[in-house]
Structures are given as structure tokens and as C-alpha cells.
Amino acid sequence: MAASEITPAAASAKLRKLGTAGLLQLTAAAAPLVALAQEMDNDEIAYGTVEAPGWVLPVVALLTISLTAAVPILLQPGDDAAREMQERDASFYGKSRRDEDDDGK
């Protein structure tokens, strides 16, 4: 049964079964979470703001631009090799075996 499916009466019955000692243990276990929530609430967070150093955005932008510019340079050897293969195999490049069989008959 999910937590959202527990009725108030069932939750109350489960809490009664815990007894006083169980409730004290449950309260003690939840205390750090409550303190953390209160501390976060007191910080007055402006939602949507980011606390990052001012140099991060320019560095990330330069890295992105540099890597984007490097892609064609890095792919150039593969493009050259493909063109060489196409020139070398121009006599049968792009033809199927069936085309060769039809020409031979």
C-alpha cells in the first residue's frame, strides 16, 4: 500500500500501535530532517538563480565553440579516405552485382 493510499484512520491506528516509545523514536529520527528544512527555508533562496563563479559561463562557451569548430577538422581524414576509395573503385562503385551480371550476358 503506497503512502498516499493510507487513510487517516489507518495511519492513526498504526501510530497507536507504536506506543509512546515508538513515537519518541520516530520524532527523534525526523528531527534532523525538520532542522534541515528550517535551515533551507531561512536561507531565502531566490529560485532560478545559480551560485556559480563568474568565469564558468565564458569558459564553457569557449570550450563549446572550440569543440564545435574542431569537428570538421577531426573528421577530415575519414572524408579524404572515403574520397580516395571512391576514386580507386570508380569502375564498380555504386553498382550492384546484379548490374554486373546483366552486362555480362
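Visitor: Buried means under 20% relative accessible area, exposed over 50%, and partly exposed in between, with a 1.4 Å probe and protein chains only. What sort of model is this?

Guide: The model is predicted: local features need pLDDT of at least 70, side-chain atom pairs count only at pLDDT 80 or more, and totals for chains, interfaces and linings use all residues. Residues are numbered from 1 along each chain as its sequence is written, and side-chain values use heavy atoms, with hydrogens and water left out.

Visitor: What is the mean pLDDT of the chain?

Guide: The mean pLDDT (the predictor's confidence in each residue, from 0 to 100) is 77. A value of 70 or more is reached by 76% of the residues.

Visitor: How much of the chain is buried?

Guide: Of its 105 residues, 2% count as buried. The chain exposes about 9700 Å² (Shrake-Rupley method, 1.4 Å probe), and carbon and sulfur atoms supply 63% of that area.

Visitor: Changing topic, how many salt bridges does the count come to?

Guide: The count comes to two, taking a salt bridge as a side-chain nitrogen of Lys or Arg within 4 Å of a carboxyl oxygen of Asp or Glu. R83 pairs with D79, and their closest N and O atoms are 3.1 Å apart. R88 forms a salt bridge with D89, also with a closest N and O separation of 3.1 Å.

Visitor: Where do R83 and D79 sit relative to each other?

Guide: Both belong to helix 2, residues 56-88; they are four residues apart, so about one helical turn separates them. D79 is partly exposed, at 32% relative accessibility.

Visitor: And the other pair: is R88 buried or exposed?

Guide: R88 is exposed, at 60% relative accessibility. D89, by contrast, is buried, at 17%, and lies in the loop between helix 2 and helix 3.

Visitor: Which residues make the nonpolar surface patch?

Guide: L18, L23 and L26 make a nonpolar patch of about 250 Å². Patches take residues with over 30% relative accessible area and no salt bridge, joining like charges within 9 Å and nonpolar side chains (Val, Leu, Ile, Met, Phe, Trp, Tyr) within 5 Å.

Visitor: Where is L18 found?

Guide: L18 is in helix 1, residues 8-42. Its relative accessible area is 43%, so L18 counts as partly exposed.

Notes. Helices (H or I, at least four residues) and strands (E, at least two) are DSSP runs, numbered from the N terminus.
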